[in-house]
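Subject: Structure handover

Hello,

Here is the structure I said I would pass on. My notes on it follow below.

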Amino acid sequence: MLELTVGAVANGGWCVARHEGRVVFVRHALPGERVLARVTEETTRFLRADAVEILEASPDRVTPPCPFSGPGRCGGCDWQHASLAAQRRLKADVVAEQLQRLAGITREVVVEEVPGTPDGLGWRTRVQFAADRDGRLGLRRHRSHEIERIDACLIAHPAIEDLRVSTEGWRGAATVEFIAATGGDRAVVVTPKPHRDVRIPDVDASIMLDEGRRGTRVLQGKGTLTEHVAGRDYRVSASGFWQVHPAAAATLQNAVLDFAQPKPGEWALDLYCGVGLFAAALAEAVGPSGAVLGIESEPPAVQDARHNLRDLPQAQTERGKVEEALDRLDIQQADLVVCDPPRSGLGRPVVTRIASLTPSRIVYVSCDPATLSRDLNWFAELGYDLAELRAFDQYPMTHHVECVALLVRG
């Protein structure tokens, strides 16, 4: 057991302390606290630890609302022991630190509340549970394959808890994901253990079996969900990507449009376009005299995007990796580029290719401040500067934060 004085927050839900000259990444602590911590992992460069006793508490500390949160328990949440205001300050500190360290950008960051969840609970519309050998469901502990049995998940949307009628009887399953769409659809995606048949209890929802490389097979109901944003319905394959906070899609769409300022007649690209959330809004803004090209690598998302954009002839969707598709289609220029890459970010080749299009505005949506900051540094080398940044608390109680950045040519 180590007695530690806890320092600043770090990316990933940790705070940083030091012990005998070594860095210690501490969970379940807050900056300024003095704690007793149990080491959970040791490397040659640093330690990981859980704060198991608080000797001097931060004024930001609260009692976690979830009884399954804490050292050695469920790993789904990082900041249940911090007030919501403190959580947002911590996330803002992380974004600002990553910008400074990786991109050399000094900027004050404010993390904004996303409407609809003032207590930070009941927002997650997609929750993946793990099944034990007897088919009982739970959530994994932090950095562990061990399963924590829970009575309820407090950050899960109420419709998820209504759908999760049975936590037992899933014998043969590895994971079970429950999904509640804003359009009212409900779905369950079951991933079986290797070479095992799955027993599935009676559930009032569409049921899909994830068969790995062979795709997802519909066992009951339909294989798609309907999400509703700003007067439009979006078809989403049940196993595909959609923002998990009910208000996140509308919040991000508004932020992207505010930064992008698309004008009639402009030529816009929507990279990593998913099912067409941003492409639809861009197409409506540029009008029939403009054009929007979405690029997406996942075949089900491409099919959904084409369905969702079918009433907007100025919008097209192309399947492929971004850099490959831009080269194959010989895209040489764009007025505006919107990109929403996975957590790994764009990477240098894609950053270079986007800059070669000489757009006047680039709007970058990111769920990882580290890869965002890395890519902003590369954009700066190519003449694009960070003009505006907004950050959103789409994932209360966790360390995750969503950012929208506007880049303009310097």
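The lining of the second largest pocket holds three nonpolar, seven polar and seven charged residues (Ala, Val, Leu, Ile, Met, Phe, Trp, Tyr, Cys and Pro count as nonpolar, Asp, Glu, Lys and Arg as charged, and the others, Gly among them, as polar). This is a predicted model, in which local features need pLDDT of at least 70 and side-chain atom pairs count only at pLDDT 80 or more, while totals for chains, interfaces and linings use all residues. Residues are numbered from 1 along each chain as its sequence is written, and side-chain values use heavy atoms, with hydrogens and water left out.

The second largest pocket has a volume of about 230 Å³. Its 17 lining residues include Thr40, Asp50, Gly72, His142 and Arg143, which are the closest to its centre. A pocket here is an open set of points on a 1 Å grid over the protein atoms alone, where a 1.4 Å probe fits, with protein on both sides within 12 Å along at least five of seven lines; lining residues have an atom within 4 Å of a point. Grid points are joined across faces, edges and corners, and the volume is the space filled by probe spheres set on the points.

β5 (34–42) and β6 (46–56) each supply at least two residues of that lining, and β6 gives the most, with three. Strands are DSSP runs of E with at least two residues, and helices are runs of H or I with at least four, numbered from the N terminus.

Both strands belong to an open sheet of six strands in the order β1-β5-β6-β4-β3-β2, with mixed pairing (two strands pair if DSSP finds at least two bridges between them). The edge strands are β1 and β2 (9–10). β5 and β6 run antiparallel with eight bridges, and a hairpin of three residues joins them. Within this pair, Glu41 stands opposite Arg48. On β5, β1 (residues 2–5) is also antiparallel, through four bridges, with Leu4 opposite Val35. β4 (residues 22–27), in contrast, runs parallel to β6 through five bridges, where Val26 has Ala49 as its bridge partner.

Finally, the helices. The axes of α1 (residues 84–103) and α8 (residues 369–381) come within 8 Å and cross at roughly 35°. Axes are lines fitted to C-alpha atoms, for helices over the stretch in contact, and angles run from 0 to 180 degrees between N-to-C directions. Contact means heavy atoms within 4.5 Å. Among the residues that meet are Val94 and Leu99 in α1 and Pro369 and Leu376 in α8.

Regards
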